[in-house]
Amino acid sequence: MNRIDNPRRVALSLPALSSLSVLMLALLISGCSSPPRMQQGPVPSVQLPPIEELPVLTPRMAAEAEALSKMAVMQDRLYRIAAPLLINNAELCKAQARNLLGFTAKNRHSYPGDYNEAAHVAFGMGERLQVTGVLAGSGAAHAGLRRGDRLVSAGAKQLPSGPNASSMAGAVFGPLVAANPSLPMGVERDGAAKQLTIPVTRACGFGIELGNADNINSYADGARVMVTRGMLDFTRDDDELAYLLARGMAHNILGHAALQRNASTIGSIIDNLVAVRPDTSMLIGSSGIKPMPPELDAAADRLAVYLMTRANYNVNDSAPFVKRLAASYPATVLNAHVANHPATALRVAAIEKTAAEVKAKQAAKKPLLP
């Protein structure tokens, strides 16, 4: 760890937390100015503005900043892999398709307690909402919106700042995005004002969430798909993670959580695990989640193969992944994925049969519709 001799002359900034983003801890150390040349006569004194005092970056705060950085890296990977699944499958999402701008934003108040201060001091997050992730292929990406941009206005309306900025900004964006094919936005970038016009993107309107827990699981409550930190570590490549996200989307599209009357229970788990410090006692036992019936699981796997293929992911490793998961964490391991989805043999058969079906449709140049 670098030694900082003068913390008052160090600014630590954050390009952006994410969506969807990788947190970079940049130390910008200001240099000393050259002495002025000697002049004849008295030299008028110059009153310099005082150097802003920043709170000390304590070891605890540094540890919290590191935790936020790791979370951001994982969330960024989820957003990157989810982007083509959400955008390329709007046709299959039926009632869940939405007009989206394609970015996420947070401010220091998005983080609780000491993490609030860590985000402010270590990463420069303030009262104004700051872009934390841009969905690849979205209107925001095409318009040039960047992580780290601070949101100033949408249409002719100034965007809010402060503790309730996220919910208040959502109330501003919602009607504008629903009624217009594009949205003029004002942002602040590197201290300068910038105007962008962001086209709306038709996409599956599912939230993609990171679960801050080490159990090997993923969840879908009808509106969101969550993959836990433990499951993220278990996946070997992007195609395996894409399968998990596609499968969660498939459960949502098919309304399985509601059919099982699990939506509220799963929703509570997701609400808890998105927190920086979740209550892991909720993960004791089965957490109240009823195992998914085999026929519903097979239907989700079948649709997931189509969602993956339409997003240009490789489905060849999906069946081996399901087998490896069941062998490593069988149904007897409570609060792991297989305990909630125990029909491994039927799921593998559905994946393999559908993969062959999709390959035949591709060869015949038929639409990839289930």
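What volume does the largest cavity have? About 160 Å³, in what is a predicted model. To find the spot, select Ser 218, Tyr 219, Ala 220, His 251 and His 341, which sit closest to the centre among the 19 residues lining this cavity.

Now colour the lining by element. β12 (218–220), β13 (224–228), α6 (238–253) and α11 (337–340) each give at least two residues to it, and α6 has the largest share, with 4 residues. Colour by class instead and you get 9 nonpolar, 8 polar and 2 charged residues.

Next, select β13. It is largely enclosed by the rest of the structure, because 5 of its 5 residues are buried.

β11 (residues 207–211) runs parallel to β13, joined by 5 bridges; look for Leu 210, whose bridge partner is Val 227. β12 is antiparallel to β13, with 3 bridges, and Ala 220 stands opposite Val 225.

Last stop: jump to Thr 309 in helix α9 (residues 294–310). Is Thr 309 buried or exposed? Buried, because its relative accessibility is 10% and the cut-off for buried is under 20%. A polar atom of its side chain lies 2.8 Å from the backbone oxygen of Val 305. Further along the sequence, show Val 315, Val 358, Gln 362 and Leu 368, which Thr 309 touches.

Key:
Residues are numbered from 1 along each chain as its sequence is written. This is a predicted model: local features need pLDDT of at least 70, side-chain atom pairs count only at pLDDT 80 or more; totals for chains, interfaces and linings use all residues. Side-chain values use heavy atoms; hydrogens and water are left out. Buried means under 20% relative accessible area, exposed over 50%, partly exposed in between (1.4 Å probe, protein chains only). A polar contact is a pair of N or O atoms within 3.5 Å; within protein, one must be able to donate a hydrogen and the other to accept it, and residues adjacent in sequence count only if both atoms are side-chain atoms. Contact means heavy atoms within 4.5 Å. On a 1 Å grid over the protein atoms alone, a cavity is a set of points where a 1.4 Å probe fits but cannot get out, and a pocket is an open set with protein on both sides within 12 Å along at least five of seven lines; lining residues have an atom within 4 Å of a point. Grid points are joined across faces, edges and corners, and a volume is the space filled by probe spheres set on the points. Ala, Val, Leu, Ile, Met, Phe, Trp, Tyr, Cys and Pro count as nonpolar, Asp, Glu, Lys and Arg as charged, and the others, Gly among them, as polar. Two strands pair if DSSP finds at least two bridges between them. Lists of a residue's contacts leave out its neighbours within four places in sequence.
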